[in-house]
Number of protein chains: 2
Amino acid sequence: MKTFLTAALIVFGIALATTIGRAQAVASTAPTAPAADGPAYGSSGALLRPGDYREWVFLTSGLGVNYGPATAAASTQPKDFKTVFVNRESYRQFLQSGVWPEKTIFMLEGRQAMEDPAIAEGGRKQGPVQFLEAAVKDSARFPGLTWAYFSFDSPQGLTASANRLPDSANCYACHRTNTAVEQTFVQFYPTLFDVARQKGTIKPGYDAGRRIQ
Amino acid sequence: MKTFLTAALIVFGIALATTIGRAQAVASTAPTAPAADGPAYGSSGALLRPGDYREWVFLTSGLGVNYGPATAAASTQPKDFKTVFVNRESYRQFLQSGVWPEKTIFMLEGRQAMEDPAIAEGGRKQGPVQFLEAAVKDSARFPGLTWAYFSFDSPQGLTASANRLPDSANCYACHRTNTAVEQTFVQFYPTLFDVARQKGTIKPGYDAGRRIQ
């Protein structure tokens, strides 16, 4: 009987240790590998505009959400929907870890917020594209920055590729200062903010009440 | 020389015929097969709530867009974002044909439109889920209807499965009357409305100026 109890306790101990090991593995915040479906670059090194980003994972769509300098703040009638997409593999890694892997790419699509005679007064539907921007995480390609920002806008319409915006562009400072997780606005992604909270990857200095300037 | 010209004209003719054949194939509005990533049903026949719909293809997110009876019309401060997702395979078939294949499933997710001290006055971000509904195309399962509607809402939160709503539910009449393509609100999906226009699948009676009741 004593032998049986000892054996049972050993088996229980192994099972317990395995369970704890698994729990620690799940709680790890280290992504396993760079995303394979990340950004592509042309021969000149410019980021190629992804043709299929609307088939990536949708993160959120906000109306009049001001990501940059106070372009929207001057009006109480917001003029645009900003919709955010991320490459599929990075999304899945974020669900596991609360961290964006290397080669993560976000697309930020701005569309006109249109009234429509068919819908209720005050309602807004998404109209034509107004701008298209990208954020890429690549610490080897962008040393000292890790995240770089790109705009595909031009007076002639969307460009096929884009060089990264200069360090003086507002994106860099705004994303460093106002974001909840790394340099990303996870506070506006309703399902992912909970993931970051559970994984403990919200930045210690994040202040939900601070107005984005 | 005459032989050469004749041969060249024959080759050109074959190439032209092939091109026209291809163009006709592309213009065809008949989807090839039911979607393989469509709806799943439990043993009782109820539609199972998809766990991964936020990884499907995003179609649009509107603010205060009134899909049903005039719940939003009474207020000029819309309270919800309605976001629409569709299964990936049906999306790809729609791009080719302008028609939804059998076994298409749409998810309609309602989220609270929240103000946030961090964003500009008048801006709205997506908050907690308020409701979750589905539309399924299955003419064999729903004879005489083709499209059926489901609600996963309950006082205790979202349900794991749902039986189809009764014929008296407003969804059926509203989707028959107010939609641009089949029984779907493609007029609110900014990229797909152009596809439907090009493929000629907008319903002849569709009136963009008619207020949805």
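**View 1. Chain A and its order of elements.** In this predicted model, chain A holds 4 helices and 7 strands. Read from the N terminus, its elements follow the order α-β-β-β-α-β-β-β-β-α-α. Of the 213 residues in chain A, 47% are buried. Among the contacts in chain A with a separation of 6 or more, 58% join residues 24 or more positions apart.

**View 2. The relation between chain A and chain B.**

**View 3. The extent of the interface.** The size of an interface is often expressed as the accessible area that is lost when the parts come together. Between chain B and chain A, the buried area is about 3,600 Å², and carbon and sulfur atoms give 54% of that area. On the side of chain B, Arg54(B), Glu55(B) and Phe58(B) lose the most area to chain A, and together they account for 18% of what that side buries. Contact between the chains involves 46 residues of chain B and 46 residues of chain A.

**View 4. Polar and charged pairs across the interface.** The interface of chain B and chain A contains 2 salt bridges. In a salt bridge between Arg92(A) and Glu55(B), the N to O distance is 2.8 Å. Polar contacts link 10 residue pairs between chain B and chain A, counted where both residues have pLDDT 80 or more. On the side of chain B that touches chain A, the elements giving two or more residues are β2 (57-63), β3 (80-86), α2 (88-97) and β5 (125-137). The largest share, 7 residues, belongs to β2(B). By class, this side of chain B has 20 nonpolar, 15 polar and 11 charged residues.

**View 5. The helix α2(B) and its surroundings.** Arg88(B), Ser90(B), Tyr91(B), Gln93(B), Phe94(B) and Ser97(B) are the buried residues of α2(B). Their cover includes α2 (88-97) of chain A, together with β2, β3 and α4 (192-199) of chain B. The residue that follows α2(B) is Gly98(B), and its phi is positive, near 75 degrees.

How values were computed:
Residues are numbered from 1 along each chain as its sequence is written. Chains are lettered from A and ligands numbered from 1 in the order in which they are written. This is a predicted model: local features need pLDDT of at least 70, side-chain atom pairs count only at pLDDT 80 or more; totals for chains, interfaces and linings use all residues. Side-chain values use heavy atoms; hydrogens and water are left out. Contact means heavy atoms within 4.5 Å. Buried area is the accessible area (1.4 Å probe) that two parts lose on being put together, summed over both. A salt bridge is a side-chain nitrogen of Lys or Arg within 4 Å of a carboxyl oxygen of Asp or Glu. A polar contact is a pair of N or O atoms within 3.5 Å; within protein, one must be able to donate a hydrogen and the other to accept it, and residues adjacent in sequence count only if both atoms are side-chain atoms. Ala, Val, Leu, Ile, Met, Phe, Trp, Tyr, Cys and Pro count as nonpolar, Asp, Glu, Lys and Arg as charged, and the others, Gly among them, as polar. Buried means under 20% relative accessible area, exposed over 50%, partly exposed in between (1.4 Å probe, protein chains only).
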